[in-house]
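Trainee: Could we go through this model together before I set anything up? I would like to start with the charged pairs and then turn to the helices.

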Amino acid sequence: MLSRALNGLKARVPEVACGVLLLILAMTVWLGARYFDQARWVHHTLEVETALSETWALLQDSEIGQRSYVLTGEDSFLEPFNEAKVKLPDALDRLRRLVSDNAEQDQAVEAVIPLIGRRVAFADETIAARRQQGFEAARDKVLERVGLNLMEEIDSRFETMRKSEQLLLAAREAAAQSTVTVLTLALGLAFFGTIGALATWIVNARRSTAELAAANLSLKQQIAEREAAEDQIRQMHKAEAIGNLTGGIAHDFNNMLAVVISGIGLAQKRLARSQEGAEEFLVGALDGANRAATLVKRLLAFSRQQPLAPKPMDANRFVAGISELITRAIGESINVETILGGGLWTTQADPVQLENAILNLCVNARDAMPDGGRLTIETANCHLDDRYSRIHPGVPAGQYVLIAVTDTGTGMTPEVMSKAFDPFFTTKDQTKGTGLGLSQVYGFVKQSGGHVKVYSEIGQGTTVKIYLPRHYAAEAARAEADFGPVEFGGKETVLLVEDEQRVLELTAESLRELGYTVIEARGGREALEQLKGGRQVDLLLTDIVMPEMNGRKLADTALELRPGLKVMFMTGFTKNAVVHNGVLDHGVHFLAKPFSLEELSKKIREVLETRRA
């Protein structure tokens, strides 16, 4: 029975083989049709992603055009906006048609279209405000954050749609890949001709999918490039300030150095012939050098790199103490009034720099009142809330001590007010100022952790408000240190360390002029040899920036050798040796170069007479 059955099966092998082959061919055709359908859906998903990317790119083009026009006021910058505005309706119609088969995506597109319309309308309003009312009106419009909120909402919705399409793409590609695997196995059982034909068709389908994927990636890269261009636009306004800074430095330093060089040259010639008239030229040279030194200090203040020595202070007592100085500085034609707030908090600032800042503001106020007027200096406690902090980035919310200087002068236009703190910007005659006064105030206040704000109206006057952070300190810590009487000379021994030979000679001669005994050293190692030699030294006066061993390391080693030694540093500019975060290290005595003989003598006596803790 079994033998007859096997024989019958063998006899029917061709029929079975033919049937199997037909079944495989039928399955191959079915799998091929299924893969074609799946590839079409993958292609459709990529088209939706491409349409989403193109629509978002048009929105970003419109925003870039709007921002560029608001910043520059040039109509040529509106071309991306106008072009995007024309193309957006067609892009949205195409997107709507593509997602019509997906109810969820269709609802999402219908929901986002009104938001896009509102964003474009808001851009039109901002552009109209810039064209009709000027930059400040457009800027205020932008600061309402309506456009930003709309873009964030649109971006969020687009991202949700992209993620949905990516999930669909992943599922459809996985299904297509599974079909390809089965189809490959089926084709392996069929004849080679059929395999070759179907393989060619599959390769073409995959190539089309890869090309769409590459196009989609290219669009994403273009979006990233547009975002980078947007960052560059935000930096455009900074370039103008940097240019003004460079040109201003070159101009003022050339003028000042001309005075110094000419004055000294003329003095040398007069001294070669006779001493008559030499004093006048030397005075002119010294005045030019002092102006150059003042300019350097103002530049350091603007760049927030000047060394500060902050102390806890009572702003009421401070303002009252300098009121007489202010009255003398601005003249009798202006009435000075001080309004001191009750229960004023303690703040912490460098008193010398704060005095310079207030005097700068008072002198500016005087110049704004050529026919006389009223100057008011007011103090008060102030709290800047989170809303103010959001409107003014970089200003932490919290409690501040307010010092406000108000005049009844000519006032400033919005355009002038927007550039008031720019370096070398001034509305005065070039012979009356460098344009660094308010820049110095701004840099000092920012370096002190505070905030400065200007309010002004044409014909009404100007108010400049300085906000200094509240300092939580014990009442005893508010007192100034008592250094005793200041003398202008002494008999002590000073170890002078300076690597610049000319500076070493001049400083040593100045110290001897004041009566001090001077031991000279040209570097840290030579100074340590002098200390190890056992000579009496009352004060170590050292430069900071020196080869081999800087002044900070020299002072630390010297104090190990002689614990009671007084130390004072001097330098033209230092960043990290004795100054950190713009503030002098605790207990450090510092004298900035260049300095006059009076400044040197006063600072040395201050250090030598300082009482030990």
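Trainee: Which side chain does glutamate 63 meet in a salt bridge?

Mentor: Glutamate 63 pairs with arginine 119, at 3.4 Å from N to O, where a salt bridge is a side-chain nitrogen of Lys or Arg within 4 Å of a carboxyl oxygen of Asp or Glu. The pair links distant parts of the chain, since glutamate 63 is in helix H2 and arginine 119 in helix H4, 56 residues apart; helices here are DSSP runs of H or I with at least four residues, numbered from the N terminus.

Trainee: Before I go on, what kind of model is this?

Mentor: This is a predicted model, in which local features need pLDDT of at least 70 and side-chain atom pairs count only at pLDDT 80 or more, while totals for chains, interfaces and linings use all residues. Residues are numbered from 1 along each chain as its sequence is written, and side-chain values use heavy atoms, with hydrogens and water left out.

Trainee: Okay, is glutamate 63 buried or exposed?

Mentor: Glutamate 63 is buried, and arginine 119 is buried as well, with buried meaning under 20% relative accessible area, exposed over 50% and partly exposed in between, for a 1.4 Å probe and protein chains only.

Trainee: How many salt bridges are there in the whole structure?

Mentor: The search finds 20 salt bridges. One of them joins glutamate 54 and arginine 94, whose closest N and O atoms are 3.4 Å apart. Glutamate 54 lies in helix H2 (residues 13–72) and arginine 94 in helix H3 (residues 79–98), so this pair ties together parts that are 40 residues apart in sequence.

Trainee: And how accessible is glutamate 54?

Mentor: Glutamate 54 counts as partly exposed at 34% relative accessibility, and arginine 94 is partly exposed too, with a relative accessible area of 30%.

Trainee: Switching topic, why does the length of H4 agree with what a helix should span?

Mentor: Helix H4 covers residues 103–133, and its 31 residues at 1.5 Å a residue should span 45 Å, which agrees with end C-alpha atoms that are 45 Å apart; the expected span is 1.5 Å times one less than the number of residues.

Trainee: What caps the N-terminal end of H4?

Mentor: Asparagine 102 does, with a side-chain oxygen 3.1 Å from the backbone nitrogen of glutamate 104.

Trainee: And what comes just after H4?

Mentor: Glycine 134 follows, and takes a positive phi of about 105 degrees.

Definitions and conventions. Helices (H or I, at least four residues) and strands (E, at least two) are DSSP runs, numbered from the N terminus. A polar contact is a pair of N or O atoms within 3.5 Å; within protein, one must be able to donate a hydrogen and the other to accept it, and residues adjacent in sequence count only if both atoms are side-chain atoms.
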